[in-house]
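Hi,

Here is the structure I promised to pass on. My notes on how the chains meet follow below it.

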2 protein chains.
Amino acid sequence: VLVIALVLLVLPSSAQRQPPFVDSVLISPPGVPPPPLPAESMTIPTAEGHDIRVVVVARGLSHPWSLAFLPEGGILVTERGGRLRVMENGRLSPDPIAGVPEVFAEGTAGLMDVALHPRFVENRLVYFTYSKPIGAHRSTLALARGRLDHRTLTDVRDVFVTRPDISGGSRIVFGRDGALFMTTGAGGGIAAQDPGNYGGKVLRLTEDGGVPPDNPFVGRAGYKPEVYTLGHRNSLGLAVHPVNGQVWQNENGPNGGDEINVLEPGRNYGWPLVSYGRTYAGPRQSEQPWRAEFEQPTVFWVPSISVSGMAFYTGSRFEKWTGNVFVGGLRTGGIPGTGHLERLVFNRQMEEIRRESLLGELRRRMRDVRQGPDGLLYCLTDDEQDAALLRLEPIS
Amino acid sequence: VLVIALVLLVLPSSAQRQPPFVDSVLISPPGVPPPPLPAESMTIPTAEGHDIRVVVVARGLSHPWSLAFLPEGGILVTERGGRLRVMENGRLSPDPIAGVPEVFAEGTAGLMDVALHPRFVENRLVYFTYSKPIGAHRSTLALARGRLDHRTLTDVRDVFVTRPDISGGSRIVFGRDGALFMTTGAGGGIAAQDPGNYGGKVLRLTEDGGVPPDNPFVGRAGYKPEVYTLGHRNSLGLAVHPVNGQVWQNENGPNGGDEINVLEPGRNYGWPLVSYGRTYAGPRQSEQPWRAEFEQPTVFWVPSISVSGMAFYTGSRFEKWTGNVFVGGLRTGGIPGTGHLERLVFNRQMEEIRRESLLGELRRRMRDVRQGPDGLLYCLTDDEQDAALLRLEPIS
């Protein structure tokens with residue numbers, strides 16, 4: 001009966017002489033190819049009335065994922081394939097940093113986020129997340145750290161390894177309280193709602209990968225004690241609010257439903273039971289997009305922009321952007337060749353006011369965005385070949 | 001206490017040396033100025049892998065709002081200021097069609113939609129909606145019709161006038177059943193939820209402006225008998241599904257929450273009690289974005305694109321676009337200078353699959369989009385001066 005109904009639905013009304021609808025919607029379109037990167041820089045206008053310069057700081061990267069600014073100068077950049085690169089004296093060293101463990105680099109798995117210990121100047125500790133091979137074609141998410149000694153990581157060890165196999169992206173950030181927050185991918189099914197499963201969570205760890213005694217579920221039967229929040233999908237952005245210290249997280253919805261969440265200990269953010277998105281095939285992810293027992297996102301996107309790295313802009317170099325949030329977008333609306341950098345403006349209560357799309361001209365997936373110690377913004381494109389580190393500069 | 005709390009919130013943490021956030025968020029940015037219109041046409045790439053040509057068919061319009069294709073050739077175009085223009089033999093006549101009544105043209109009020117009677121070839125009847133002056137600085141929404149005789153409307157009369165004063169945009173469309181559907185603006189307050197108020201509704205009328213006897217609320221105390229659906233905000237798009245005859249309506253949310261609704265008789269679509277949007281100042285329009293008693297939109301946008309005219313594409317000239325829905329966008333995310341044309345792809349169950357943003361390069365507000373009898377797509381930009389009628393053509 002269902003088949004007959006579908007056929008009738010697409011039969012044209014002969015009176016109207018309408019052609020039948022074409023059923024090719026599940027085939028992804030090719031998208032618009034990106035233009036070449038500018039040789040050195042390009043100027044683009046912005047909605048605030050000032051132009052900015054986009055400078056290609058480095059290129060030739062492959063799927064760069066994250067970056068960290070070294071206090072002595074220089075920038076660490078992870079590549080998903082497993083290399084930890086370094087920019088020194090304004091150029092990208094061809095030799096990766098030695099000491100990164102073997103990484104499972106298939107599909108979206110690989111080396112991901114990188115962050116310096118809050119007292120890096122004293123202890124030189126570099127933290128990173130990666131997909132750890134645990135057998136033939138298997139991996140799980142791990143958090144490792146090592147001591148950066150010139151161009152080598154020493155004393156490298158895993159400080160936390162998820163079980164069972166967890167896939168998906170992972171960001172880390174140190175909170176004001178010294179704890180380390182780490183996101184985990186949800187995978188399929190209902191794992192994100194299972195407090196005894198590491199999937200689809202934000203974890204809160206000590207700097208050694210242990211359990212902080214004030215974690216919300218410590219000592220509760222059936223709960224992993226590292227869990228800080230539940231009910232997340234694929235979290236690709238994590239940042240600490242510069243004024244109040246709240247941890248902000250973002251996650252990808254499927255076809256619609258990307259979110260920014262303000263994390264509160266022990267709370268559940270609803271995936272996969274509530275979502276503003278649809279499944280890729282079309283039906284809604286959940287008949288209700290909202291339930292009282294789950295936390296609402298503070299920001300969400302429909303259609304999806306495929307949110308990735310996120311940063312609060314606290315500098316004064318872009319005087320109209322102070323207090324804004326920047327989020328990388330990998331693609332909009334399910335259309336290839338559409339990445340951009342999104343600027344979000346909030347009022348003093350951190351309620352959203354408006355959003356500007358930037359860098360869309362480049363037609364590149366924007367994997368990460370960070371504020372540099374120089375008060376400028378840095379972005380990573382996600383190309384397989386010739387990905388770039390970009391710097392945004394104001395033009396007065 | 002509130003004042004003190006706000007001051008504390010923005011005080012920088014001296015340990016972090018963060019600058020305070022700037023509180024200028026309620027001032028609209030200037031936006032990016034639009035480039036000049038192309039002299040004749042421009043070529044743009046699309047996600048489906050084929051380029052399209054955008055042809056400037058006419059320019060020099062002022063706030064054009066809607067268009068209708070005459071079966072004898074030629075195109076009628078309304079201008080918000082009150083002129084009904086006509087394209088003949090490929091050029092825009094400098095002389096407007098005579099016979100349009102006086103229009104209240106202030107702010108967003110004025111002459112709006114235009115539609116031909118389904119048997120226009122026999123009766124030459126043209127319908128249009130407009131803001132009718134009803135005293136000093138007052139107006140209300142009216143539906144009028146006249147007989148098109150060469151370049152003059154004759155026998156012009158109001159067939160339906162809303163009471164009390166209704167403002168906001170209005171679209172009209174004839175359904176397959178011969179009834180005329182007409183949208184009304186919600187204004188402020190709770191009018192859209194009041195079944196005895198014409199504001200924030202879709203009305204269903206006979207071709208003479210009367211009440212069809214099968215309307216859902218006929219004979220119900222406290223209900224206006226013309227009401228077909230309730231709970232709408234500012235409806236700027238209305239189109240009949242070419243296969244199943246459903247009436248699709250779109251409406252503007254405030255800061256987020258634009259919607260496409262599939263209209264079912266007697267149903268309530270929730271404005272202002274539920275919305276996916278925020279108020280312009282930042283707080284959510286409703287703490288819950290969903291309630292079981294209201295109909296859900298089939299498509300929604302967060303952030304808003306300021307949806308306007310809407311069309312199903314049923315032609316075969318753009319072979320990858322058959323069955324897609326096109327929606328004009330006046331601006332995205334609250335940022336001036338960002339209009340575009342949005343293409344939405346559905347599966348056979350009319351569930352959304354993906355969305356492509358087109359014509360964003362033009363940086364112009366897109367007021368309307370229609371399919372021409374030639375199987376091409378026509379768009380109107382919303383400029384005050386030198387607005388354009390654009391035609392999209394495939395390039396094979």
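Copies are superposed by least squares on the C-alpha atoms of residues with pLDDT of at least 70 in both. On that basis, a rotation of 180° with 0.0 Å of shift along its axis brings chain A onto chain B, at RMSD 0.0 Å. The two copies are thus related as by a two-fold rotation axis. A:Val302 is the residue of chain A that comes closest to this axis, its C-alpha lying at 2.5 Å.

A word on conventions. This is a predicted model, where local features need pLDDT of at least 70, side-chain atom pairs count only at pLDDT 80 or more, and totals for chains, interfaces and linings use all residues. Residues are numbered from 1 along each chain as its sequence is written, chains are lettered from A in the order in which they are written, and side-chain values use heavy atoms, with hydrogens and water left out.

Now the interface. Contact (heavy atoms within 4.5 Å) takes 70 residues from chain A and 71 residues from chain B. Of the interface residues of chain A, 100% are also interface residues in chain B, so the copies meet through the same surface.

Chains A and B bury about 6200 Å² between them, 60% of it on carbon and sulfur atoms. Buried area is the accessible area (1.4 Å probe) that two parts lose on being put together, summed over both.

Salt bridges across the interface: zero. The rule asks for a side-chain nitrogen of Lys or Arg within 4 Å of a carboxyl oxygen of Asp or Glu.

Best wishes
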